[in-house]
Amino acid sequence: MSEVLLEVNHLKKYFPVTQGLFGRTTSQVKAVDDISLTLQPGETFGLVGESGSGKSTVGRTILRLTDKTAGEVKFKGVDLHALSPAELRKLRPQMQLIFQDPYSALNPRIRVGDAIGEALLDHGLATKAEARELVLETLTACGLSAYHIDRFPHEFSGGQRQRIGIARALILNPDLIIADEPVSALDVSIQAQIINLFSKLQHSKGLAYLFISHDLSVVEHLCDRIGVMYLGSMVETASRDELFRHPLHPYTKALLSAVPVPIPKLKRERIVLKGDIPSPTNPPSGCKFHTRCPLAVERCKAEIPLFREAGAGHFVACHLV
Amino acid sequence: MKPLLKVENLHTEFRTDEGTVKAVDGISFQVRAGETVCIVGESGCGKSVTAMSMMGLVEEPAGKVTGGAIAFGDDDLLRLGKHELRTIRGHEMAMIFQEPMSSLNPVLKIGEQIMEPLMLHLKLKKKEAAARAVELIRQVGISRPEQIAGSYPHELSGGMLQRIMIAIAVSCSPKLLIADEPTTALDVTIQAQILDMLRTFKESSGMSLLLITHDLGVVAEMADYVIVMYSGKIVEEGEVTALFANPKHPYTQGLLKSKPVMGQRTEELYSIPGQVPDPLDLTPSCYFHDRCEHCMDVCVSREPLLQPLGNGQKAACWLYEEAAIHV
Amino acid sequence: MRVETVLTKASTKRSRERRSSLLGQSLRKLMHNKLAVAGFAVVVFMTLLCFIGPLFSPYTDNKINMAMMNKAPSLKHWLGTDALGRDIMTRVMQAGRISLTVGLASMLLSVFLGALLGAISGYYRGITDQIIMRIADLLMTVPNLPLLFIFGAMLSEWKVPTDYRMYLVMLMLSAVNWPGMARMVRGQMLSLREREFMQAAEVLGLRPRRKLLHHLLPNIVPLLIVMATLNIGGAILSESVLSFFGLGVMPPTPTWGNMIDAANNMIDFQNHPWLWIPPGVSIFATVIAINIFGDGLRDVLDPKQKR
């Protein structure tokens, strides 16, 4: 059994909502509310949820792009939120982030080659000549060409920019890549290219991914284990096959049935949920899903369900399971 | 029977600093009464520009509809004056967009915005229009319609706003609803609600739907007839079951294979290599040739025409040219 | 959004193997703007005229010739002579040297001050930002011209030697101009640091110095260039106004402003138009040309600021 790469325990991230002239904190947005997960080296964990579920905030809080409110993030046994800025900076190359929007994630005034290679130089991991070699190598590995090295980001299409973003992360030889909706801004045919690139790189480099997405079909394709989030809480975690074959939580079931499948006239039983996703500023009491749950009973309004093991490695937070 | 909408040889161009882009390059299709036609394609393929051209929303001097005809009922939309177009737009033909927030006026109450077309096109009195607006909000599945009618756009979520947009669009019982990526900005569970609602409306009112989307899943769920666009041209079209079961054009085939399908996991996804060609660099050829695994000499030098292939399907591909001639 | 995707696709067109440069692309776009090119041409013409022209003139700016007072333009004196018989053409060119130098130098100083203070404010935020911005606010609440008048009057009161006055005028102009610059730069910094590519820089673990110098500053340079250009025009105008009121650069050193002041009575104004028309036209043409050129630059370098 290899050691755990990433361990997140009871992570909470509340954003204060301030009001008035003096910025008084009037309420809190519980973007991430008690999330725990672990990631083994080389594994892919998919984090699924709709907008407002806090899945992106989880990724950013793990990487300490924002400070946590409570809980613990351990990367290779090191508590990231306890490090000094200098120590954290030294550790950064080992855990990288890939952004959703390939347009805004690249600095428009920095040439692609410099964008990919600069972290190597800044961390003193390579000399200028070595860095250039590595940049060329990484560009090719990510499906780009050597002559792209001197171009500026605006000269690339969305798919190519996403490749640049991946190359920038990859060149540092990280152990963990957090990918925040990396393909949702891309066209279908380009999406497939990038998804394949993700799997290829994982096989060749032994990377672990925390793959954040709203697209269940993409998550099913890439991930070994999957966690479903709703309004800042994890409602269900299971291995891929288990989750897709035997979903337990009513929300997971509804989510699975809502995904349109490209097979015309397919008769599926669809659970259409009532109403909108409630605001995370003022989440419902008890089980946060009870306002939209087709099976909700009185108990769900009052009592927060425990996140407990319902089968081997299959965790769920629902009173009815 | 005469089709409700008949687009013939439509051309729309945009002028840029570096040259003229033929965003829509000679496409023809029709929509019959009560039918759902889906135009599917990737960004930049011209599917949205097609819809904008039909609604008269291509703005000069940047863009211009340079040729073709759009017959809607007895009118040619491209020959109509501004005023006549306005009476058709929003009344007999309505449109909803991807971003509901930007299509609604932020300083007007929801109710007022629904009442506007009712008073303009159906000549309802203010009181009647207000009552009808509340009724419409109820119909699009929003609870507490009176309260919602009195609120402003920023107070509602994206899903709610898209419902309001649909309420406005169907308020004058249009014969044709054009929906440009109506659910792309929404979450899956909300998307399911909206698609359900569009279907219900269609069935009860008999209106036609022209749905523009990039999502093949949405197409499969909604369409009767599918049009696949690539680089401003139609590469394949056909009845939905036939087209999904037996796609002819290599692009359609690739598109269908490259989308991961839930419950049908494979080790590696098929992916179409390369990317969409530069719209300024196009020469007479099959625009898909450099990404196609069946590329032949003729594909590089001559443009294939859209040919019927039997069973109602059409494709623009040299692979079928031989077959097409002999049919 | 739809149209834009078409347009971005189109603008990605580039020949395959060429090393591209942002400057080159911007210059090419600028060349398409006829008005901006014309503006630039006028600025270059005025500069050359002022700095090289006097070398070919048979007169010097301060040579007094009582026999030639207030003479109308002639072949000998193309633009006539002033009340002391000095050649107006030569003086206009000499004055241009001063006015352009004062404009350019005070611009450089205020851009330097504004960019530095604005960048510090926007990057470090907190208390530093508060202090710098409150000083800027204070300076900006007082209208510029009265402030300059007070400064000018103080200089006169202290009997500052004429030679130094020019430099002090530059300083004065910079002192009132930097707050606007600093505000713009700070705003830009604040919005840039929230951009995703700055988060990316953080994830890569780049040093703060690198983030500031390689990631933030290059994104501010276009804004700076545009602001600086537009600022020269303003500085030339302010200097002219001050000198016109006798509070800026003092005669006998000529500037466009104090030359117009020579025609400050009705008789000279009506009867000797060659006294004030040449410097007036010089100010007008130069400032308009600089502003048109600056607008063109802005359209190219900073398209979001358009309109």
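In this predicted model, three residue pairs are in polar contact across the interface of domain 1 of chain B and domain 2 of chain B, both residues of each pair being at pLDDT 80 or more. On the side of domain 1 of chain B that touches domain 2 of chain B, helix H2 (82-88) and helix H8 (188-205) of chain B each provide at least two residues. The most comes from H8(B), which gives six residues to that side of domain 1 of chain B. Salt bridges between domain 1 of chain B and domain 2 of chain B number zero.

The domain assignment places residues 5-92 + 174-276 of chain B in domain 1 and residues 102-173 of chain B in domain 2. Their contact involves 17 residues from domain 1 of chain B and 13 residues from domain 2 of chain B. Taken over C-alpha atoms, the centres of domain 1 of chain B and domain 2 of chain B lie 26 Å apart.

The size of an interface is often given as the accessible area lost when the parts come together. The table lists this value for two interfaces.

| Interface | Buried area | Share from carbon and sulfur atoms |
|---|---|---|
| Domain 1 of chain B and domain 2 of chain B | about 1200 Å² | 71% |
| Chain A and chain B | about 3600 Å² | 55% |

Within chain A, the residues that lose the most area to chain B are A:Val188, A:His221 and A:Pro262, which together account for 17% of what that side buries. The contact between the chains brings 38 residues of chain A together with 46 residues of chain B.

One salt bridge is found across the interface of chain A and chain B. A:Arg270 forms a salt bridge with B:Glu221, and their closest N and O atoms are 3.0 Å apart. Polar contacts across the interface of chain A and chain B join 18 residue pairs, with both residues at pLDDT 80 or more. Helix H6 (188-205), helix H7 (216-222), helix H8 (240-245) and helix H9 (250-258) of chain A are the elements that give two or more residues to the side of chain A that touches chain B. Among these, H6(A) gives the most to that side, with seven residues.

Another helix of chain A, H5 (residues 158-170), has 13 residues. From its first C-alpha to its last, H5(A) reaches 18 Å, close to the 18 Å expected at 1.5 Å a residue. Because 13 of the 13 residues of H5(A) are buried, H5(A) is largely enclosed by the rest of the structure.

Terms used:
Residues are numbered from 1 along each chain as its sequence is written. Chains are lettered from A and ligands numbered from 1 in the order in which they are written. This is a predicted model: local features need pLDDT of at least 70, side-chain atom pairs count only at pLDDT 80 or more; totals for chains, interfaces and linings use all residues. Side-chain values use heavy atoms; hydrogens and water are left out. Helices (H or I, at least four residues) and strands (E, at least two) are DSSP runs, numbered from the N terminus. The expected span of a helix is 1.5 Å times one less than its number of residues. Buried means under 20% relative accessible area, exposed over 50%, partly exposed in between (1.4 Å probe, protein chains only). Domain bounds come from an automatic or database domain assignment. Contact means heavy atoms within 4.5 Å. Buried area is the accessible area (1.4 Å probe) that two parts lose on being put together, summed over both. A salt bridge is a side-chain nitrogen of Lys or Arg within 4 Å of a carboxyl oxygen of Asp or Glu. A polar contact is a pair of N or O atoms within 3.5 Å; within protein, one must be able to donate a hydrogen and the other to accept it, and residues adjacent in sequence count only if both atoms are side-chain atoms.
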